[in-house]
Amino acid sequence: MKERVGFAGVGLMGHGMAKNIVEKGWPLTILAHRRRDAADDLVKRGAKEAASAKTLAEASDVVVLCVTGSPQVEAIVMGPDGLAAAKKPLLIIDCSTSEPASTRRLALELESAGIGFVDAPLSRTPKDAWEGTLDVMVGGDPQLVARARPILDAFAGRVVPTGPVGTGHTMKLLNNFLSMGYAALYSEALMVGAKAGLTPAVFDSVIRGGRMDSPFYQTFMKYVLERDRNAHRFTLSNALKDMSYLAGFAQALGVANPVGAAVRNSFAGAVASGHGEDYVPMLSDHVAKWNGVSLTERAKD
């Protein structure tokens with residue numbers, strides 16, 4: 001018999017993940033926050049709905065979290081009406097992008113209460129979440145990871161064990177550093193090109209199909225060239241949050257990461273100017289605007 005699964009955070013990624021869990025036969029209970037449409041859809045597919053994190057825990061054997069970051073994870077787990085308040089053995093799978101130090105601290109605290117904790121952050125897009133083809137990095141005790149694995153396989157195309165608890169979130173920060181770093185590089189390169197009279201289409205005709213092409217580049221440029229807002233639905237505010245986590249992690253390690261600081265500041269500028277809910281490829285428009293150019297105007301003859 002499959003374990004009862006709870007799911008908190010049915011947002012852009014969580015909706016598709018939870019959809020795959022319930023459609024592949026797990027008894028599912030959800031805890032919705034803002035996305036009423038997603039919650040209603042999942043209930044139609046057979047999920048039940050809990051009124052609080054505590055009642056979610058009471059209805060579940062395993063709880064998957066897919067929320068914004070460490071403050072939200074800590075609140076939903078340790079809050080007065082949180083998962084731990086149910087005072088029952090659980091396995092918690094944290095698919096959020098969280099701070100590794102918070103993850104390790106939380107796992108240690110929960111262990112004494114008989115609650116297992118693994119970090120299983122995600123890579124790829126909401127489209128992959130819907131199709132069940134996400135990449136997952138998972139850190140934790142091997143026995144707990146083995147217990148979590150069938151549930152992860154419901155929405156993942158690839159699951160990579162990374163080591164002890166906290167290493168999944170460490171790897172996720174590095175993964176996002178690379179992707180957000182490329183977003184900042186693309187944005188700056190497109191701006192310099194536009195200033196010099198090179199259109200994004202010309203830029204793309206050189207890069208696409210070459211050594212610097214990649215799936216991330218293609219989704220980024222799908223917005224730049226086609227103005228498809230949904231090409232990469234990851235907000236600038238979330239990107240800034242992750243780069244801020246990376247900065248704090250690097251500081252705790254006592255290392256210098258000047259490139260990370262520059263990447264973070266690219267996103268900080270866009271968020272500070274009121275565009276935090278824009279998606280990552282839209283950074284290109286903001287960097288262009290700061291420099292007095294547009295990526296949508298034709299090059300002058």
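Trainee: At what angle do the axes of helix α1 and helix α2 cross?

Mentor: Keep in mind that this is a predicted model. The axes of α1 (residues 14–23) and α2 (residues 36–44) cross at roughly 5° and come within 10 Å. Angles under 35 degrees count as roughly parallel, so α1 and α2 are roughly parallel to each other.

Trainee: Which residues of α1 and α2 meet?

Mentor: On the α1 side they are H15, A18 and K19, and on the α2 side A38, D41 and L42. By type, the residues of that contact divide into 3 nonpolar, 1 polar and 2 charged.

Trainee: And what about α12 and α13, at what angle do they pack?

Mentor: Helix α12 (residues 258–272) and helix α13 (residues 283–290) pack at about 85°, and their axes are 10 Å apart. The range for roughly perpendicular is 65 to 115 degrees, so α12 and α13 fall in that class.

Trainee: Which residues make the contact there?

Mentor: From α12, S266, F267, G269 and A270 take part, and from α13, L283, H286 and W290. The contact of α12 with α13 has 4 nonpolar residues, 3 polar and no charged.

Trainee: Changing topic. How many disulfides are there?

Mentor: The count is 0 disulfides. For C66, the nearest cysteine sulfur is that of C95, 6.0 Å away. A disulfide needs the two sulfur atoms within 2.5 Å, so C66 is in no disulfide. C95 is in none either, with the sulfur of C66 as its nearest cysteine sulfur.

Trainee: Are C66 and C95 buried or exposed?

Mentor: C66 has 14% relative accessibility, so it counts as buried. C95, at 3%, counts as buried too. The cut-off for buried is under 20%.

Trainee: Now the whole thing. How many helices and strands does the protein have?

Mentor: There are 13 helices and 9 strands. The radius of gyration is 20 Å, close to the 19 Å from the globule rule for 301 residues, so the protein is as compact as a globular protein of that length.

Trainee: What box do the C-alpha atoms fill?

Mentor: Roughly 70 × 45 × 35 Å, along the principal axes.

Trainee: What percentage of the residues count as buried?

Mentor: Of the 301 residues, 50% do.

Trainee: Last one: what share of the contacts comes from residues 24 or more positions apart?

Mentor: Among contacts with a separation of 6 or more, such residues account for 67%.

Note on methods:
Residues are numbered from 1 along each chain as its sequence is written. This is a predicted model: local features need pLDDT of at least 70, side-chain atom pairs count only at pLDDT 80 or more; totals for chains, interfaces and linings use all residues. Side-chain values use heavy atoms; hydrogens and water are left out. Buried means under 20% relative accessible area, exposed over 50%, partly exposed in between (1.4 Å probe, protein chains only). Axes are lines fitted to C-alpha atoms, for helices over the stretch in contact, and angles run from 0 to 180 degrees between N-to-C directions. Helices (H or I, at least four residues) and strands (E, at least two) are DSSP runs, numbered from the N terminus. Angles under 35 degrees count as roughly parallel, over 145 as roughly antiparallel, 65 to 115 as roughly perpendicular and the rest as oblique. Contact means heavy atoms within 4.5 Å. Ala, Val, Leu, Ile, Met, Phe, Trp, Tyr, Cys and Pro count as nonpolar, Asp, Glu, Lys and Arg as charged, and the others, Gly among them, as polar. The radius of gyration is taken over C-alpha atoms; the globule rule is 2.2 Å times the number of residues to the power 0.38.
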